[in-house]
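Hi,

Here is the structure I promised to pass on. Have a look first, and my notes follow below.

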Amino acid sequence: MTAHGAYANLAGAALFTERKLDDRDAAFATELLHGTCRQQGTYDLIIEAAAGRPLSTLQAAIIDVLRLAAHQLLAMRVPTHAAVAASVDLAGTAVGEHTTGLVNAISRRIAARDLAAWLDELSEGLDATDALALRTHHPRWMVEAYAAVLPDDEVETALLANNEPPVTALAIRPGLADVEELEAAGATAVPGLPTAATLTGPPGRLDAVREGRAGVQDPGSQRVALRLAEADAPAGPWLDLCAGPGGKAALLAGLAIEQSERLLASELRPHRAELVEQALRAYSGPHAPLVIAADGTRPAWPAATFARVMADVPCTGLGALRRRPEARWRRTTADLDTLIPLQRDLLRSAIASTQPGGVVSYVTCSPHRAETIEIVDAVLAEGAPAERIGPDLQLWPHRDGTDAMFQALLRRT
């Protein structure tokens with residue numbers, strides 16, 4: 001999976017469905033996959049120490065087998081003999097019989113200590129930031145990004161919260177379902193959030209989800225959509241500037257219809273535009289949302305067209321590490337060099353697309369200052385015709401039980 005750049009949540013779910021795993025086996029496989037991806041950087045250091053050789057000298061497939069072995073041995077209740085035997089068998093089947101001896105030897109050396117002992121050894125000589133990064137299973141630059149925006153006594157708590165799998169949250173499509181229907185099907189309403197409920201078990205067992213009248217969506221994502229819908233704005237159509245894969249668009253579409261308005265959902269990539277269409281499939285009628293594939297930085301609509309604009313821009317995803325466990329080891333600071341100019345361009349476009357008096361919602365699923373406050377400050381400082389509406393919103397898993405969503409609301413002047 002790692003060699004092909006797959007996403008753990010998507011690849012895993014598809015594979016588990018294909019193999020027809022029951023709930024117990026699917027839960028085990030999910031923890032094995034997600035946990036291994038989540039702690040990959042730590043396991044790589046442990047594998048190197050146990051192997052006595054650089055990771056670069058091992059085949060990529062062997063490294064993946066050893067990462068899986070490490071998670072079973074150090075973080076799951078799998079007996080040592082079972083984890084080692086399963087890893088040896090996997091190496092023989094997936095890579096070749098000639099690799100089984102190596103995997104057996106390294107796996108047994110990994111099992112010789114528990115995780116705490118490995119962390120103590122690997123932490124020797126590290127500075128405080130590197131030691132915290134190792135202990136919480138994050139790259140150093142992400143630890144520094146969190147430390148830049150949180151009080152000192154919250155940084156470790158926030159990082160550890162990224163290692164806890166999120167509860168499955170559902171969002172209704174306004175006008176098509178209500179939370180009471182979800183509760184009747186076994187979900188639990190989220191206090192203070194009229195569109196949300198949490199669920200234990202597969203969402204696809206609910207009629208509302210299968211029919212597109214509800215969908216899986218983090219409560220933080222719902223909160224930023226509701227804040228945009230509730231802001232004072234003139235009449236007029238709504239725009240979701242970067243709509244894929246469609247969760248916010250589906251919620252905004254229903255909220256727009258409740259105000260007798262229509263949503264335009266724009267997404268750059270055609271295959272992601274198709275995902276948006278799928279998310280919006282249950283809406284019909286004269287105010288049904290419209291989906292197009294278009295570049296948000298080169299608008300396919302006249303300027304000053306929309307009363308409300310959602311600009312949920314591409315970002316590093318540092319706020320969604322709970323549900324995208326592999327992201328922390330794939331993203332680097334170099335990604336910011338590409339993302340920051342794009343984020344500025346998209347915010348400029350969002351403002352230009354908004355009517356005077358209309359509202360723009362600038363959103364990222366990242367708490368990194370360079371992608372959040374500094375983007376808004378820079379665009380306003382260069383003279384963009386907009387002003388902030390109240391304080392910015394920054395949500396956190398450890399405080400709010402949501403992804404670390406950021407939102408700035410702006411009014412077009």
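A word on the basis: this is a predicted model, so to speak of local features we need pLDDT of at least 70, side-chain atom pairs count only at pLDDT 80 or more, and totals for chains, interfaces and linings use all residues. Residues are numbered from 1 along each chain as its sequence is written, and side-chain values use heavy atoms, with hydrogens and water left out.

Because 9 of its 11 residues are buried, strand 9 is largely enclosed by the rest of the structure; buried means under 20% relative accessible area with a 1.4 Å probe, protein chains only. Strand 9 pairs with strand 8 (residues 306-312) in the parallel sense, over 6 bridges; strands pair if DSSP finds at least two bridges between them. Here M310 has S361 of strand 9 as its bridge partner. Strand 9 is also joined to strand 12 (residues 406-412) by 6 bridges, running antiparallel, and T364 stands opposite F406 of strand 12.

Now the helices. The axes of helix 4 (residues 60-75) and helix 6 (residues 100-111) come within 10 Å and cross at roughly 30 degrees; axes are lines fitted to C-alpha atoms over the stretch in contact, with angles from 0 to 180 degrees between N-to-C directions. The two helices are therefore roughly parallel to each other, a term for angles under 35 degrees. Residues in contact (heavy atoms within 4.5 Å) include L66 and L73 in helix 4, and V103 and I110 in helix 6.

Best wishes

Technical notes
Buried < 20%, exposed > 50% of the residue type's maximum accessible area, 1.4 Å probe, protein only. Helix = DSSP H or I, 4+ residues; strand = E, 2+ residues; numbered from the N terminus. Parallel < 35°, antiparallel > 145°, perpendicular 65-115°, else oblique.
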